[in-house]
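This briefing walks through one protein chain topic by topic, and it is meant to be read with the sequence and the structure side by side. Please keep both in view as you go through the points.

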Amino acid sequence: MLFSQIVSQPTPMAAPVVETGQQRLKGRLVLDELPVEIVVEIATNLDFEGFGSMLCVSSFMRCILQKYWRYILSSIIEREFTPVGLFFRAFETGEVTGVGNRSAREWLGRLTGVGGGRDGRDREMDRIINFCRGVKLWEAEFQRFRFYDCDVGEMRLMNGRERERFRRGLFIWDWFARVHHAGRQTRRTTEPVAFMRRFSTTELHELNDVWETVWAAVGREVCPSVTAVMEVIGDRSLAEGIGWGDGEENRQILGTVMKLGPGNLLRLLVGGRGEDWGGGGGWLGGLGVSLGEIEDTTEALSMAVLSVRHEREKMMGMERSPFPVEGFPGRYGGVLDHETEESEELRVVHGADGGREGPYSGRYIRGSGIFLMGGVRVGRLVAGTD
């Protein structure tokens, strides 16, 4: 009764009030009016996407974030781009011995451009932001590749543990590609197998999953075999003009394309959709890569991982590897959680056996980028070509 009486009473109409912009802002919280230290503290608690959006708020805000970007991004990287040591090994050019336990802030302080004025500071910030964007895009696309052959009901988003395992595999691959697949070998460059020995069997298991899953995606979306194309169009003669060889020839072509590394492959798999990679250099020219640049080294990652795994199996007297070597992409294992708790516990058991142990079967020609296993060179774009 009382409520009905209250709401039924007539309310005098007030004249509309037109506020000026200054009146609307009065008494409200405005980012540009906050103390700098508060703005920086807010930025450090944002996720990476939020930090990117905050950079675009205003020129004043961008000026603050550019000045303190190392402090801000170090917090974001330690939350979203772990493992931090491998993140920066992949980001930096060239090989540095050991991964170490530096914090993100210590790593950022070592970057070139420190004290180089505003232009140098902006270039370094833009470089690392672009690298972070690439990692985020890889995370999103890898889920599509990883569950490609699964039934609809089995497709899902990777959880936090799985995303970190994926990033670890991605960073190791990128680091390896910069050293052994980019034609930058020097007299101080470690051999491919010695490079892989520093990582544990668990880490190599994750790397193998990332590598095999992306290899399958490249074979499906970039360089499909003649047989794969024929299954779609049903015309053998037409398929031979579209496909990239069959059998061993296709495998060698894929091995060569995989040497382009995560950055260029991401452009082919994602950025290249619908783009015209025409011109004299084809899609390689579109990437700014010449045929000679990727043919002057051979695909060494597959054999290096396999050699280290076999080496450890022999040393431990095991009849087979604790983790599957093939079968990716599948529903379990690799970067994904294993199906059973017993298999998951193997990650811990074999998670600390990295190091420079033992000889290995094979021969590496120092400085040439060529890894020989049984005298067979692998990874040429044109089969049978030296």
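**Salt bridges along and across helices**

Glu248 and Arg251 form a salt bridge in which the closest N and O atoms are 2.7 Å apart. The model that shows this pair is a predicted one, and the points below describe what was computed from it. In general, side chains of opposite charge can pair when their charged atoms come close.

- Both Glu248 and Arg251 belong to helix 15, which covers residues 247–258, and they sit three residues apart, or about one turn of the helix.
- Glu248 has a relative accessible area of 41% and is partly exposed, and Arg251, with a relative accessible area of 32%, is partly exposed as well.
- How many salt bridges does the structure hold? The structure holds 21 salt bridges, and the pair formed by Arg144 and Glu221 is one of them, with its closest N and O atoms 3.0 Å apart.
- Because Arg144 lies in helix 9 (residues 117–146) and Glu221 lies in helix 12 (residues 201–221), this pair ties together parts that are 77 residues apart in sequence.
- Arg144 is partly exposed, with a relative accessible area of 33%, and Glu221 counts as partly exposed at 33% relative accessibility.
- Arg146 forms a salt bridge with Asp209, and the closest N and O atoms of this pair are 3.0 Å apart; the pair links distant parts of the chain, with Arg146 in helix 9 and Asp209 in helix 12, 63 residues apart.
- A network of salt bridges links Arg161, Arg165, Arg168, Glu206, Asp337, Glu344 and Arg347.

**The nonpolar core**

- In soluble globular proteins, nonpolar side chains tend to be buried together.
- The largest nonpolar core in this model has 78 residues, and those with the most contacts inside it are Trp138, Trp173, Met196, Val214 and Leu265.
- When residues up to four places away in sequence are not counted, Trp138 touches Phe145, Phe166, Leu170, Trp173, Val214, Pro262, Leu265, Leu266 and Leu269.
- Leu170, found in helix 10 (residues 160–180), has 4% relative accessibility and counts as buried, because buried means under 20%.
- Leaving out residues up to four places away in sequence, Leu170 touches Trp138, Val210 and Pro262.
- The C-alpha atoms of Leu170 and Gly261 are separated by 9.8 Å, and these two residues are 91 residues apart along the chain.

**The surface and a nonpolar patch**

- The protein chain exposes about 20,300 Å², and carbon and sulfur atoms supply 53% of this area.
- Leu31, Ile38, Ile42 and Val57 make a nonpolar surface patch of about 290 Å².
- Ile42, one of the residues in that patch, lies in helix 3, which covers residues 36–44, and at 34% relative accessibility Ile42 counts as partly exposed.

**Cysteines**

- A disulfide is a covalent bond between the sulfur atoms of two cysteines.
- Cys63 has a relative accessible area of 40% and is partly exposed, whereas Cys150, at 12% relative accessibility, counts as buried.

**A cis peptide bond**

- Which form does the peptide bond from Thr82 to Pro83 take? The bond from Thr82 to Pro83 is cis, with omega near 0°.
- Pro83 is found in the loop between helix 6 (69–80) and helix 7 (84–91).

**The chain as a whole**

- The protein chain has 20 helices and two strands, and buried residues make up 46% of its 386 residues.
- Among the contacts in the protein chain with a separation of 6 or more, 71% are accounted for by residues 24 or more positions apart.

Conventions:
Residues numbered from 1 in each chain as written. Predicted model: local features only at pLDDT ≥ 70, side-chain atom pairs only at ≥ 80, totals over all residues. Heavy atoms only, no water. Core = buried A, V, L, I, M, F, W, Y, C linked by side-chain atoms within 4.5 Å. Buried < 20%, exposed > 50% of the residue type's maximum accessible area, 1.4 Å probe, protein only. Contact = heavy atoms within 4.5 Å. Patch = residues over 30% accessible without salt bridge, like charges linked within 9 Å, V, L, I, M, F, W, Y side chains within 5 Å. Areas by Shrake-Rupley, 256 points an atom, 1.4 Å probe, with all protein chains shown as cover. Salt bridge = Lys/Arg side-chain N within 4 Å of Asp/Glu carboxyl O. Helix = DSSP H or I, 4+ residues; strand = E, 2+ residues; numbered from the N terminus.
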